[in-house]
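The sequence and structure come first.

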Protein chains: 2
Amino acid sequence: MKRRLISELNGLIDEKVCVQGWVYKFRRLKFITFVIIRDRSGLVQCIVDNNKFDISEIGIESVVSIIGKVKESNNKLNPFELELEGIEVICKVKDELPIEVNKENLEVNLDTMLNNRILSLRHPKINAIFKVQNLIVSSFREFLNKEGFTEINTPKIVKEGAEGGTEVFEVKYFEEKAYLAQSPQFYKQMMVASGFERVFEIGHAYRAEEHNTNRHLNEYISMDLEMGFIEDESDIMDLEENLLKYIIESLEISGKEYLELLQVELPTIHNKIPRIKFEESINILKENYNKNDLKGDLDPEAEKLLCKYVKENLNSDFVFLTNYPRKKRPMYTMPLGEEGTHSFDLLFKGIEITTGGQRIHDYKRLLENMKYKGLDANNYESYLEIFKYGMPRHGGLAIGLERITAKLLGLENVREATLITRDRKRLIP
Amino acid sequence: MKRRLISELNGLIDEKVCVQGWVYKFRRLKFITFVIIRDRSGLVQCIVDNNKFDISEIGIESVVSIIGKVKESNNKLNPFELELEGIEVICKVKDELPIEVNKENLEVNLDTMLNNRILSLRHPKINAIFKVQNLIVSSFREFLNKEGFTEINTPKIVKEGAEGGTEVFEVKYFEEKAYLAQSPQFYKQMMVASGFERVFEIGHAYRAEEHNTNRHLNEYISMDLEMGFIEDESDIMDLEENLLKYIIESLEISGKEYLELLQVELPTIHNKIPRIKFEESINILKENYNKNDLKGDLDPEAEKLLCKYVKENLNSDFVFLTNYPRKKRPMYTMPLGEEGTHSFDLLFKGIEITTGGQRIHDYKRLLENMKYKGLDANNYESYLEIFKYGMPRHGGLAIGLERITAKLLGLENVREATLITRDRKRLIP
């Protein structure tokens, strides 16, 4: 008999159906037992006649295949229920479960949640996080496809590091030493130059950071885009504004049930996101919060305070910080004057969720900037090739998927928005 | 002035527009010069008055921004052309180009093509390969989303290898030794168990194979799916049949212009793909081609001959080989009798493009099969956890993206269908 999803049963009243799923809950009375079954589409109550079926040995979270008749009912879950006529146990659970997944809230700490990922993901509220995350990804993709972007997949085993930092994972690549890519920066620029003009990639990025924080992962999903034929970085900020509006609208339409379950209210973007120059932000922090210890960059506290200021004074959950200091930006960033750059960060509810900007497209200028940064151009030979054969003015940005998911949903730790975490201590599961 | 795409110009006759792109070709006459500009949407001819503009120093593939008036015309490219009124050179190309991209066919060998990837990708026929590849990915995704699958992203840095082989890349993960994932096998099974039931992943996979062949890459994109609540592997084959039909139909509709440019005719799937038992295929090869040297597996020649046989006798470009020998399949494969398995390969035009099958869902049976395979269960601790807390009958498959692209387009080498190749010798660009 063909398996039916629980969500289909409402249209099948009085019919005999096959339902398959996990045993979510039992309530045993003298003559009958109520069993709630869960499949990917929902929950359904089954009525079991204790005289006909002995199901006392089937544990919670066992996998079963049930034959039953759909009956009208007014139980808490649905306007229907199932009268059990047959049951096959596909997988019997004997061990006691390390966490209880059939409570309204999964009341376990983060470590327990991640150590028992198979089970914690079964909880509707945990599962909903990843349904929302999927909508973020699909609306990001949809928006960019409409804007003429091409999706790309670029290598994660690389010889040259884009960010020039030391926090890279080393890979033994046959006789050679290679690294895991910290970002697809070079490759997305290459694909702009290759005539795709506008490209995006949703893929893994790697940072061998030693510190365990609630904001960082050692392996994460970076949503990257790069765009040719811009005037300057303001085109990228305009694009991101519209992109974020599109994502938020998509979540409000397609993610309604998950947002309600998680009791989340999404931020609104009123027309434009405020744009504040980096230097001005330093002054704001000094004048309003007496924060005088900043040296050319914002620390986590400063990001929080600035977002507080913007929320209170400009009524926005988002703020662009523009004209970041040249000293703090990678060598590919387009300089602005001697000390500034055509680059920006986007802060959201106290944390940076995007870094972006215009890149250098002129070969000579790039060589000069490598020198300024103290880098040896010989280490970037294949990257430099891009700029010899016709490169448009271009720019781009990256959004960390887990981080934006966590911030949109008000989750404290980015790991809660990560299916399987890789951090300083987690290499399994 | 706002940039217009060349594809928009037909609706802007007699208007002054800004077009930006690469200089594709020149034809210099005494009084005028014809310049062809290329952007991501196409080619357009511009007429330059030599008395007004000196463009003699602008090389082929330079990036320019042009102001011009759109005029009706009957040139080879379009029913319109541009009268140049202003030109800005965004990026001047001075060096001689290592390959010519403005010929009808890019007549270079594979190495030259890959060494000059930025340029070779600018050629319309090379670019088209990746437009088709994108359609393969998007139709794969679209079909599975419609079928209730959830897209997942799982770790590529792993502690436990799924395939049990030795061909893995080693990563230094802080104090620990880790590997690059050969497949998302364990994680997709985990996500089935986590209640998603049906999952797919389009992501990187790594094989540290020493041999350079035209069919293998060391880093490639694997399109993986895994599906719970099946009866057996025939559900997976049914799904793949429909999936492939959907992909081919999508390509025929949305990829028409690329297929015509590449002069490719796609295969047709007539209703069902033939299913032949592995053992039967050995007999077919013996009887028809006198191929007697096979020992429990097909070699590349055998795959080719079998496809030839199926094409000639069953009129199909595809064939499922079922009931693969247990000895040749990984430990998670559901056995069938003592020597067989519930698993299959899909061959297409002489090569395997999919391996799939039903997996073991019973904890004890999995332990037994690990023993049969000579594996130490202690090395698979976190994987084994999946089977303790309720696992449905399930199965899945994987399709190599570059390989299926290459075979569908009749490309000889899988590298031609790879944006940036990672193989035994290629770590850059």
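Where in chain B does Thr154(B) lie? Thr154(B) is in the loop that runs between strand E7 (150-151) and strand E8 (157-158) of chain B. Helices (H or I, at least four residues) and strands (E, at least two) are DSSP runs, numbered from the N terminus. The model is a predicted one, in which local features need pLDDT of at least 70, side-chain atom pairs count only at pLDDT 80 or more, and totals for chains, interfaces and linings use all residues; side-chain values use heavy atoms, with hydrogens and water left out. Residues are numbered from 1 along each chain as its sequence is written, while chains are lettered from A and ligands numbered from 1 in the order in which they are written.

**Loop residues**

With a relative accessibility of 1%, Thr154(B) counts as buried. Buried means under 20% relative accessible area, exposed over 50%, and partly exposed in between (1.4 Å probe, protein chains only). Once neighbours within four places in sequence are left aside, the contacts of Thr154(B) are His204(A), Pro184(B), Tyr187(B) and Glu201(B). Contact means heavy atoms within 4.5 Å.

In chain A, Ile273(A) is located in the loop between helix H6 (256-261) and strand E13 (275-277). Ile273(A) counts as buried, at 3% relative accessibility. Residues up to four places away in sequence not counted, Ile273(A) touches Glu241(A), Leu244(A), Phe318(A), Val319(A), Phe320(A) and Leu346(A). Ile230(A) is 43 residues from Ile273(A) along the chain, and their C-alpha atoms are separated by 19 Å.

**Backbone geometry**

Most residues other than glycine have a negative phi, and most peptide bonds are trans. The table lists backbone values that depart from this pattern.

| Site | Feature | Value |
|---|---|---|
| Glu197(B) | positive phi | near 65° |
| Gln263(B) | positive phi | about 50° |
| Ile428(A) to Pro429(A) | cis peptide bond, omega | near -5° |
| Ile428(B) to Pro429(B) | cis peptide bond, omega | about -5° |

Glu197(B) sits in the loop between helix H4 (185-196) and strand E11 (198-206) of chain B, and is buried, with a relative accessible area of 0%. Gln263(B) belongs to the loop between helix H6 (256-261) and strand E13 (275-277) of chain B; at 70% relative accessibility, Gln263(B) counts as exposed. As for the prolines, Pro429(A) is placed in the segment after helix H11 (401-409) of chain A, and Pro429(B) in the segment after H11 of chain B.

**Helix packing**

Two packed helices are described by the angle between their axes and the distance between the axes. Axes are lines fitted to C-alpha atoms, for helices over the stretch in contact, and angles run from 0 to 180 degrees between N-to-C directions. Angles under 35 degrees count as roughly parallel, over 145 as roughly antiparallel, 65 to 115 as roughly perpendicular and the rest as oblique.

In chain A, helix H7 (residues 278-289) packs on helix H8 (residues 300-314) at an angle of about 85°, with the axes 10 Å apart. H7(A) is therefore roughly perpendicular to H8(A). On the H7(A) side the contact is made by Ser281(A), Ile284(A), Leu285(A), Asn288(A) and Tyr289(A), and on the H8(A) side by Ala302(A), Leu305(A), Leu306(A), Lys308(A), Tyr309(A) and Glu312(A). By class there are 7 nonpolar, 2 polar and 2 charged residues in this contact. Here Ala, Val, Leu, Ile, Met, Phe, Trp, Tyr, Cys and Pro count as nonpolar, Asp, Glu, Lys and Arg as charged, and the others, Gly among them, as polar.

In chain B, helix H3 (residues 124-146) and helix H11 (residues 401-409) pack at about 120°, their axes being 10 Å apart. That angle makes H3(B) oblique to H11(B). From H3(B), Ile129(B), Val132(B), Gln133(B), Ile136(B) and Val137(B) meet Leu401(B), Glu402(B), Ile404(B), Thr405(B), Leu408(B) and Leu409(B) of H11(B). The residues of this contact divide into 8 nonpolar, 2 polar and 1 charged.

**Chain A and the two copies**

Chain A has 11 helices and 19 strands. Of its 429 residues, 59% count as buried. The C-alpha atoms of chain A fill a box of roughly 85 × 55 × 40 Å along the principal axes.

The same surface serves both copies, as 100% of the contact residues of chain B recur in chain A.
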